[in-house]
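Let us walk through this structure together, one part at a time. Keep the chains in view as you read.

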Amino acid sequence: MIELHIILLFMIVAAFLAIEMRGLLSSVIALGAVGMGLVLQFLLLRAPDLAIVQLVVEILILIILIRATVKLDRPSESRLRENWAYLFCVLLFGGVFLFFGYRALTGLPVFGDPAMRVSSYYIENALEGTGAANIVSAILLDFRAYDTLGEVTILFTSIVGAIAVLRKIGRKK
Amino acid sequence: MSLYFMALVLFCIGVYGLVVKKNLIKKIIGLVIIENAVNLFLILTGFRTGGEAPILERGMEAVPEHFVDPLPQAMILTSIVIGLGVIALLVAISVRIYEKYGTFDVTKITELKG
Amino acid sequence: MKEHGMSLPVKRITRITVALIFFYGLYIAIHGHLSPGGGFAGGVIFALSMIHIVLAFGRENTMKVLSGAAASMLESAGALAFLLIALGGVFAGAFFLNFLPEGEPFSLFSAGTIVFSNMAIFVKVGAGLFAVFLVMALLRTDDSVQNNEGEDR
């Protein structure tokens, strides 16, 4: 799976650029590169539903972020005072995190051979139980519809919150 | 294995942007990178070498060993859309903060607090 | 102040492409139980088609097609419809039970309540995201009018 490594490396480079670029617009565009890399990963990992959703969601995130930043981009951001102690702290934290992450990864199943204890039931019973040919849809809206209900609730709350924050009624001038 | 580790590195970069940068939009970008890394990691754990996408066709046997794991895909599908709602809420709050204080910089906002 | 969208070619092409994008989202949502896609992807595509109108024609003309209040009502209606489908299962036995007949596999009306759940989520996600974007665009226009910040462009 060399292509997965290459795309993931591209995503890491683009993510680093998105964090470190000076202008906000450049950062947002580099973030779009990360998202498109993720779309390619989903396609290669046999998840076409996720690829479609990630593609359109990434476009919408880009539109929202550009709309929020394009007129407000001021170059006069306070630069970080970079000294050696600070850099040392960052590297120490990253190293410790990656070390213990690596230790934890050895306990996982090997890549390319998932456990699938619950999913076997879903795959075997999707067509007879629900009549849906898309197993992901069957899980999402039939077997585990409670999760979808919670997801709809969260999305509703966040959208109502965003509208309440942005509206003009009751705002002090 | 190395793919898992690279997803962790991507997660680390997102945490770096979220913690270190002082610009609110940069913090949101770090959060989006963290979301992408976690979604990718969970999908990687469900991949089966040579497996089919979990969509049945006519005349296809529903044998679990022939498909990739569909359960992480369904959960990540909801996670992506939740992430979109969260990003919309965060951008709304950031734009309001910019309206009130005239800057995205966190240090200046705390200085200007009245 | 005289902000009425982009130039004439953009508007002409937008008239053609918006319908295509909208019906593509509807197609993805309706066929969610047969092929890749579903209510979430279709809903975001629906929101993108409406945002397309906002970007090309300006906010005032878009409000005639679908106003912010109507979008909020549609979002609430979608969430309520999803909940009603779930409640319909209670009378047949359990919450979220698939109480409709399953029909013949691989045909359009086959998967019972999944089709209608997909449609409810399609309306809810699309209208909600469009409402957020509309409020965001509204805020920016009003500020530029009030403060006369011409130098920001």
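What you see is a predicted model, in which local features need pLDDT of at least 70 and side-chain atom pairs count only at pLDDT 80 or more, while totals for chains, interfaces and linings use all residues. Residues are numbered from 1 along each chain as its sequence is written, chains are lettered from A and ligands numbered from 1 in the order in which they are written, and side-chain values use heavy atoms, leaving out hydrogens and water.

Let us begin with chain C. Its secondary structure comes to five helices and zero strands, where helices (H or I, at least four residues) and strands (E, at least two) are DSSP runs numbered from the N terminus. Read along the sequence, that gives the pattern α-α-α-α-α. Chain C has 153 residues, and 48% of them count as buried. Taking contact to mean heavy atoms within 4.5 Å, consider the pairs in chain C that lie at least 6 apart in sequence: 70% of these contacts join residues at least 24 apart.

Chain A is divided into domain 1 (1-74) and domain 2 (134-168), with bounds that come from an automatic or database domain assignment. The centres of these two domains of chain A, taken over C-alpha atoms, are separated by 23 Å.

Now for the interfaces. The size of an interface is often given as the accessible area lost when the parts come together. Here, buried area is the accessible area (1.4 Å probe) that two parts lose on being put together, summed over both. How much do chain B and chain A bury between them? The value is about 7700 Å², with 78% of it on carbon and sulfur atoms. The contact draws 78 residues from chain B and 86 residues from chain A.

Across this interface of chain B and chain A there are 11 residue pairs in polar contact, both residues being at pLDDT 80 or more. A polar contact is a pair of N or O atoms within 3.5 Å; within protein, one must be able to donate a hydrogen and the other to accept it, and residues adjacent in sequence count only if both atoms are side-chain atoms. On the side of chain B that touches chain A, at least two residues each come from α1 (2-20), α2 (24-45), α3 (70-101) and α4 (106-111) of chain B. The most come from α3(B), which gives 24 residues. By class, this side of chain B holds 54 nonpolar, 14 polar and 10 charged residues. In this scheme Ala, Val, Leu, Ile, Met, Phe, Trp, Tyr, Cys and Pro count as nonpolar, Asp, Glu, Lys and Arg as charged, and the others, Gly among them, as polar.

Chain A also meets chain C, with 44 residues of chain A in contact with 48 residues of chain C. Together chain A and chain C bury about 4200 Å², 72% of it on carbon and sulfur atoms. Six residue pairs are in polar contact across this interface of chain A and chain C, again with both at pLDDT 80 or more. On the side of chain A that touches chain C, α3 (48-69), α5 (117-130), α6 (135-143) and α7 (145-166) of chain A each supply at least two residues. That side of chain A is made up of 27 nonpolar, six polar and 11 charged residues.

Over all chains the structure holds five salt bridges. The count is zero between chain A and chain C, and two across the interface of chain B and chain A.

One salt bridge joins D113(A) and R48(B) (3.8 Å, N to O). D113(A) is partly exposed at 47% relative accessibility, whereas R48(B) is buried at 13%.

Within chain A, the side chains of R144(A) and D147(A) form a salt bridge (3.1 Å, N to O). R144(A) is partly exposed at 28% relative accessibility, and D147(A) is partly exposed at 33%.

In chain B, E99(B) and R96(B) meet in a salt bridge (2.7 Å, N to O). These residues, E99(B) and R96(B), are separated by about one helical turn because they lie three residues apart in helix α3 of chain B. E99(B) is partly exposed, with a relative accessible area of 27%, and R96(B) is partly exposed at 23% relative accessibility.

Key. A salt bridge is a side-chain nitrogen of Lys or Arg within 4 Å of a carboxyl oxygen of Asp or Glu. Buried means under 20% relative accessible area, exposed over 50%, partly exposed in between (1.4 Å probe, protein chains only).
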